[in-house]
Amino acid sequence: MNGSLRFDAVPAQSSDPSGADAPAATPLPYDNPIFLVGMMGAGKTTIGRHLARSLGREFVDLDLALQDRCGVRVATIFEIEGEAGFRRRETSLLDEYSRCPGIVLATGGGAVLAPENRRYLKERGVVVYLRASGDELYKRVARDRNRPLLQTEDPRGRLLDLLRQREPLYDEVAGLVFDTGSMPVSQAVRALISLLQNYEISS
Ligand SMILES: Nc1ncnc2c1ncn2[C@@H]1O[C@H](COP(=O)(O)OP(=O)(O)OP(=O)(O)O)[C@@H](O)[C@H]1O
Ligand SMILES: O=C(O)C1=C[C@@H](O)[C@@H](O)[C@H](O)C1
Ligand SMILES: [Mg+2]
C-alpha cells in the first residue's frame with residue numbers, strides 16, 4: 001500500500017556539497033560499501049557524514065533519502081502508511097543503496113528488523129554497529145521530536161525495550177562493533193577509520 005506518497009528517483013546526498021575546507025581524504029584499501037547500523041541516537045547520521053568526508057566517500061542517509069523520495073518527513077510516512085508501510089519503503093531503498101560501491105550508508109535504527117535487510121547488509125558490505133548504552137542514547141534523542149517510535153508516554157522505557165529487542169540483530173549483522181561511549185564525534189571517526197583500515201574483507 002503506497003497511499004498518496006511519491007517515490008521518486010533522486011541522486012545520493014553529497015557528504016560535503018561545497019567541498020570547501022575539506023581536508024585531504026584518506027581512502028580505504030577497498031571500495032565495499034560501509035553500512036552503519038545501531039539504535040536511534042547511535043550517531044549513524046552524525047558519524048556517517050564525517051566518516052564519509054574523511055574517507056572521500058559519498059554519504060547516503062537512508063532516512064533522508066526516503067524523505068527526499070516521498071517528499072515528506074519520516075514521521076508523516078508513519079502517519080499515513082503506518083510502520084509497516086515505512087518498513088516496505090525502507091527495504092526497497094536499502095536493496096537499492098546497498099548495491100552501491102564506495103558509499104557510507106547510514107541506515108535507519110530499525111533497518112535490521114527485516115530478515116532480507118539483514119541479508120543485504122551482511123552480503124553486500126562492511127557493517128559497523130555503532131553501540132551506546134541506553135542512558136547515552138536517551139540523552140541524545142530525548143529532546144528530538146522526529147522519531148515517531150518515541151512519541152509515547154514513556155519514551156525512555158520504549159527506547160530501552162527497542163534496544164533489548166534489537167541488540168541481537170545488530171550483533172548478528174555486524175562485522176565491526178564500535179562503542180561510541182561519550183567520546184566526541186571527531187574522535188569516534190578517527191578511531192573508526194583506524195578499525196576500517198585494518199578490516200579484512202572476506203571474498
Ligand atoms: N558520539 C556522540 N557523542 C555525542 N553526541 C552524539 C554522538 N553521536 C551522535 N550524537 C548526537 O546524538 C544525536 C543523534 O545522533 P544521530 O541523529 O546521528 O543518530 P542516528 O543514529 O542517526 O539516529 P536515527 O536512527 O534516529 O536516525 C545528534 O544530536 C548527535 O549530534
Ligand atoms: O529505530 C527506528 O525504528 C527508526 C529510526 C529512524 O532512523 C527512522 O528510520 C525511523 O524513525 C524508525
Ligand atoms: Mg539517522
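Ile 201 touches Tyr 30 and Asn 32, not counting residues up to four places away in sequence (contact: C-beta atoms, placed from the backbone, within 7 Å). This is a predicted model, where local features need pLDDT of at least 70, side-chain atom pairs count only at pLDDT 80 or more, and totals for chains, interfaces and linings use all residues. Residues are numbered from 1 along each chain as its sequence is written.

Colleague: Is Ile 201 buried or exposed?
Modeller: Ile 201 sits in the segment after α7. A residue is buried with 20 or more other C-beta atoms within 10 Å of its own, exposed with 12 or fewer, and partly exposed in between, C-beta atoms being placed from the backbone. Ile 201 has 12, so the residue is exposed.

Colleague: Nice! Which residues of α7 are buried?
Modeller: On the face turned away from the buried side, α7 carries the exposed Ser 186, Gln 187 and Ser 194. The buried residues pack against β1 (34–37), α1 (44–55), β4 (126–131) and β5 (176–179). They are Ala 188, Val 189, Leu 192 and Leu 196.

Colleague: Is Gly 43 buried or exposed?
Modeller: Gly 43 lies in the loop between β1 and α1. Beyond four places in sequence, Gly 43 is in contact with Leu 130, Thr 180, Val 185 and Ala 188. With 25 other C-beta atoms within 10 Å, Gly 43 is buried.

Colleague: And which residues does Gly 41 contact, leaving aside neighbours within four places in sequence?
Modeller: Gly 41 is also placed in the loop between β1 and α1. Its contacts are Leu 137, Arg 140 and Val 141.

Notes. Chains lettered and ligands numbered in written order. Helix = DSSP H or I, 4+ residues; strand = E, 2+ residues; numbered from the N terminus. Contact = placed C-beta atoms within 7 Å.
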